[in-house]
Amino acid sequence: MKRMLLLVLATLFAASCATGPSRELNLVNRALDAMGGADSLAKVRTILVKGTTKQWEPEQSMVPGGEMRFANEASFESVGDFSRRAVRVDWVKKFAYPSPRTFTFSEIVTPEAGYVIGVDSNGRNKQSLETKPAAHSMSGLRLAATQREMRRASPSLLLEMRNNPGKVRASPDVTLGGVAHPAASYDAGSYTFIVIFDPKTGLPARVRTLDYDNVWGDVNYDVVLSDWRTMGGVRIAASQKYELNGRVVTDVQITEVVANPAVAADRFEPPAAIKAGAAKPATGKVDYQWVLRRQFIGTYLDSDSVSFDTRATSSLRLAEIAPGVQHQVGGSHNTLIVEMSDFLVVMDAPVTDNQSVWTINALKAKYPGKPVKYLVLTHHHMDHAGGIRAYAAQGATLVVGKGAGAHFRKALSSPSTRNPDVAARDFSNTPIVEVDGKYVISDGKRELTAHSVDNPHAAAYLIGYVPDAGLAYVTDIWSPGRDPLPAKITSPLAALAAAVRKAGIAPTRFAGGHGSVGEYAPLAALAGQ
Ligand SMILES: [Zn+2]
């Protein structure tokens, strides 16, 4: 019977072959012709590409759902060797956010490993901090994400599709600007590219992946290719814009291309100190959007956990900082947990649901039978609110600042079928409370109060306060235990001190969404209180 089925399948396959190349392979071949022909592309053995980039981060906006934050502008020079399948990119990135600074660094990517020479982030891992001069090997997560993006934008993607016809599949037309565009999908291993073709020219117009975004759930991530020119003998899209659900988050302009330049082999050689133990590309789940977009603002922690540096620690942990008050620490982003008589209150849901699931499991063990009834968010930024679905799935009520409710209602109403950490379900009815001034969560004995703070970091912002512990909680506008107080007060710190006074609360200590715990008196003194 099995043999019979195989025979039938073989016959069908032969029949389909007899009709010539499929529609999708015709699309690939037509695109290659429009790009100057597969043969001329195959003759490019090495390539030098220079250009500039600009990036914006939608989920670090001042106002929830508001204008994207301008992140950085950069210039780059990359060399690629197709026979070695190796690329080196030399970067000068000028960041505008979260603070102005310039990082000059190089990335080397081969099929087996990736390396960063120089400093490219404020969130440096242990190896970067300990290697002099600074360098580190890429985590498997970053290597996989970098390889995917290099492959997406490479003119050789279409050649690869032509050479692997068994991995090219039919894909429904995509309507763009009211016009149906033919498309083909390419099974590229642990992810799939959808290549969308210009119906007029036959050129590839977009290369799409179906990604997961920790705020918006299921998203399209596209490179939009336009302004095709012949540069250095290669037909290339001089304009390459990356769109996240239709919004341009990266704008690349190619300014120079040289085909077949001589490239010294040592251009792809990392410092010996970081070669040993370099990670292979991750093959399982990769939070592509987290890995890519934390690099937009120069804060990416290059690690095989999205939450903590695997080179420095093996896990997140709970630290008891007052009776019945836990501080989840050990990673780049913290959470505060307050035990009430028969439930728990959590402040902030940082990074992704992966971290929330860890915290929820740790709390189930520590406080059995006490559900998380409230999740209070200090603010809407993706790195402190990217793990809300795990708490919503537990039935928690979301408590946010005034003006943030509609943003979170929209985010929770978006499909999240690609969430790797929490099963998809309808989160659109999650209870959301907006706080204007003050909100009290009480069990009749203990209270946690949330207070609005006008500040330069984010609108709709809250701090938390547990009166019986004399403990408050703040994220980003102060990182107690991490950032020493400056000689002269800054506007975020002044905003915090003013809010404490206005709220009429008297914290002796603050715990932070970053850092650890710090005394409040020195800050109050600095603020002249
Ligand atoms: Zn923030």
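Okay, quick definition before we start: a residue is buried under 20% relative accessible area, exposed over 50%, and partly exposed in between, using a 1.4 Å probe and protein chains only.

A word on what you're looking at. This is a predicted model, so local features need pLDDT of at least 70 and side-chain atom pairs count only at pLDDT 80 or more, while totals for chains, interfaces and linings use all residues. Residues are numbered from 1 along each chain as its sequence is written, and side-chain values use heavy atoms, with hydrogens and water left out.

Back to Arg85, then. Its phi is near 55°, a positive value in a residue other than glycine. You'll find Arg85 in the loop between strand S2 (69–81) and S3. When I say helix or strand, I mean DSSP runs numbered from the N terminus: H or I of at least four residues for helices, E of at least two for strands. Asn260 also has phi near 55°, again positive and not a glycine. Asn260 sits in the loop between strand S13 (247–259) and H7, and at 40% relative accessibility it counts as partly exposed.

Now the zinc site. Which residues hold the zinc ion? The protein donors are His379 through NE2, His381 through ND1, His457 through NE2 and Asp476 through OD, lying 2.1 to 2.2 Å from the ion. Donors here are N, O and S atoms within 2.8 Å of the metal (3.2 Å for Na, K and Ca), and water is not among the atoms, so sites may look incomplete. Along the chain the donor spacing reads H-x1-H-x75-H-x18-D.

Why is the geometry called irregular? Because the four donor atoms subtend angles of 91 to 170° around the zinc ion. For four donors, tetrahedral requires all angles between 85 and 135 degrees; square planar for four, like octahedral for six, requires opposite donors over 155 degrees apart and all others between 65 and 115, and anything else is irregular.

Asp476 turns up again at a pocket. Together with Ser479, Arg482, Asp483 and His514, Asp476 is among the closest to the centre of the second largest pocket, out of 39 lining residues. About 1000 Å³ of space lies in there. Helix H7 (288–296) and helix H12 (491–503) each give two or more residues to that lining.

On to the inside. The largest nonpolar core has 73 residues, and Leu158, Met161, Phe197 and Val257 touch the most other members. A second, separate core of 25 residues includes Ala349, Tyr367, Ile432 and Ala460.

Last, two prolines to click on. Tyr97 and Pro98 are joined by a cis peptide bond, omega about -5°, and Pro98 is in the loop between strand S3 (86–95) and strand S4 (101–109). Lys132 to Pro133 is cis too, with omega near -10°. Pro133 belongs to the loop between helix H4 (126–130) and strand S6 (135–137).

Key
Core = buried A, V, L, I, M, F, W, Y, C linked by side-chain atoms within 4.5 Å. 1 Å grid on protein atoms, 1.4 Å probe; cavity = no way out; pocket = protein on both sides within 12 Å on 5 of 7 lines; lining within 4 Å. Points joined across faces, edges and corners; volume = space filled by probe spheres on them.
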